[in-house]
Amino acid sequence: MKKLKIVGIVLILFILYVIIGMLVPFVHMKSVSQTNKSKIHTESFYSRADKNGSDRAKIVSDNQEALDLRLDMIRKAKKEIILSTFDIREGNSSDDIFSELLKASRRGVKVKILVDGLYGTIHMSGKDIFAAVGSEPNVEIRFYNTPNLLKPWTINGCLHDKYIVADHKYLLMGGRNMFDYFLGTYKGKSKGVDREILIVNQGSKDQGAVGQIRRYFQKVWSLEVCKTKFNTCSKNKKEKAVKRLLSHAEKVKIPEYDYQKITVPTKKTTLVTNPTTIYGKEPVVFETLKQLMLQAKNQVIIHTPYAVFSKEMYEGITQVKQQVPDTTMILNSIASGDNICASADYRKNRSKILDTGISLYEYMGKHSTHGKSLVIDDIAVVGSYNFDCRSTYVDTETMLVVQGKEITKQLEEDFDGLKNESLKVNKDGSYQSGKNVTESTMDGKKQCMI
């Protein structure tokens with residue numbers, strides 16, 4: 001009994017050690033230093049030239065199109081594919097993508113895949129498909145910050161960037177993770193409503209958004225916390241997995257896109273990122289977006305899955321509303337959201353968000369919305385950043401700021417579609433009645449969890 005008691009005490013102390021170690025580096029929420037604030041020049045996001053820039057763009061909201069574009073980009077690649085994502089899981093879409101990545105690598109294309117270490121460990125470890133492709137000579141898979149329970153301060157910092165680049169030509173980036181919930185339209189699968197932006201570079205290889213994201217990728221890829229995984233695979237497992245993938249590739253039908261035809265011109269594209277350390281971060285993305293919003297003359301529209309604000313974020317959004325009266329936010333209702341913690345926080349602090357004065361719309365659609373985007377006058381912003389404390393102070397994030405009336409119109413039309421499935425929230429928390437829109441309800445299990 002005495003030994004059991006000692007074991008119990010040691011276990012409790014270890015659990016406390018892990019919890020405290022996880023939280024301590026993030027307890028203090030940093031503000032952006034004056035040095036970094038001085039680097040934010042809102043005028044630099046605008047081109048004053050009459051001619052268009054080197055990038056063409058398209059808003060991608062359909063899950064099947066998002067998968068098809070990835071497959072077409074991979075098939076078109078001649079030299080290099082870089083892919084960064086928060087979460088990859090086995091499934092139909094992963095079979096589609098990894099079969100094409102395997103084929104690309106065998107025709108001489110260099111493939112680099114960067115995945116968050118926590119979610120990579122949970123969802124990719126021990127899976128033959130990833131080991132088989134990762135052990136190919138032209139493929140390397142790295143994890144960003146694989147957590148160590150003995151060093152719990154390493155657990156929380158995640159890679160939340162989501163993009164794919166083919167050669168120096170094509171970029172697709174936004175909020176989608178890489179599995180069936182976000183990609184494709186497979187029978188019997190639930191889906192998330194998400195959004196990305198497709199960029200086609202028509203200039204030199206170092207120009208525009210593609211050059212910016214490639215330089216950022218290399219910076220993160222080279223960090224000491226990024227370690228190579230799946231560089232070996234047993235002969236038997238590899239042969240079976242490769243045979244299955246190559247057989248699967250023959251069945252995949254990939255539309256061939258005319259990228260000139262489906263995209264519109266832009267004036268300027270600018271990448272905004274958070275610091276890349278695994279510890280608490282200065283909120284560079286939030287501060288940059290706030291400064292851009294404060295410069296708006298006509299309107300600001302924010303689409304975010306969740307709104308989990310710090311004191312600084314409440315103050316920032318209040319400033320934006322005071323400066324730009326036509327400021328709107330669209331987010332999931334508590335019932336529609338698929339993030340239990342964020343929904344619980346929103347239920348508790350919904351009135352505080354309403355107190356900022358913004359016009360608030362709650363999405364009541366059948367599926368949860370996961371897009372992260374803004375319209376700021378004639379600027380469209382699309383990427384991985386949620387308006388919550390994780391994205392603001394903890395995770396790496398990427399947002400692409402695109403100046404251009406045509407691409408901004410596309411994004412506005414997407415927002416209109418969301419608003420048509422949303423209810424506007426009154427100042428007292430009640431809903432304005434909406435044509436053909438009814439309030440979403442929760443089942444007992446979700447209600448209990450929240």
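User: How much space lies in the second largest pocket?

Analyst: This is a predicted model. In it, the second largest pocket holds about 470 Å³ of space.

User: Which residues are closest to the centre of that pocket?

Analyst: Leu271, Val272, Thr273, Asn274 and Val284, out of 18 lining residues. Helix H7 (208-221), strand S10 (268-273) and helix H10 (284-294) each give at least two residues to this lining. By class, the lining has seven nonpolar, eight polar and three charged residues.

User: What volume does the largest pocket have, and what lines it?

Analyst: Its volume is about 790 Å³. The lining counts 31 residues, with Phe86, Tyr119, Tyr306, Asn339 and Arg390 nearest the centre. By class, 14 are nonpolar, seven polar and ten charged.

User: Why is threonine 269 called buried?

Analyst: Buried means under 20% relative accessible area. Threonine 269 has 7%, so the label applies. The residue sits in strand S10.

User: What makes the pairing of threonine 269 and aspartate 55 a polar contact?

Analyst: The cut-off is 3.5 Å between N or O atoms, one able to donate a hydrogen and the other to accept it. The side chains of threonine 269 and aspartate 55 are joined at 2.5 Å, so the pair qualifies.

User: How far is the backbone nitrogen of alanine 209 from a polar atom of the threonine 269 side chain?

Analyst: That distance is 3.3 Å. Beyond its neighbours within four places in sequence, threonine 269 also contacts other residues, including Ile199, Gln212 and Leu400.

Note on methods
Residues numbered from 1 in each chain as written. Predicted model: local features only at pLDDT ≥ 70, side-chain atom pairs only at ≥ 80, totals over all residues. Heavy atoms only, no water. 1 Å grid on protein atoms, 1.4 Å probe; cavity = no way out; pocket = protein on both sides within 12 Å on 5 of 7 lines; lining within 4 Å. Points joined across faces, edges and corners; volume = space filled by probe spheres on them. Nonpolar A, V, L, I, M, F, W, Y, C, P; charged D, E, K, R; others polar. Helix = DSSP H or I, 4+ residues; strand = E, 2+ residues; numbered from the N terminus. Buried < 20%, exposed > 50% of the residue type's maximum accessible area, 1.4 Å probe, protein only. Contact = heavy atoms within 4.5 Å.
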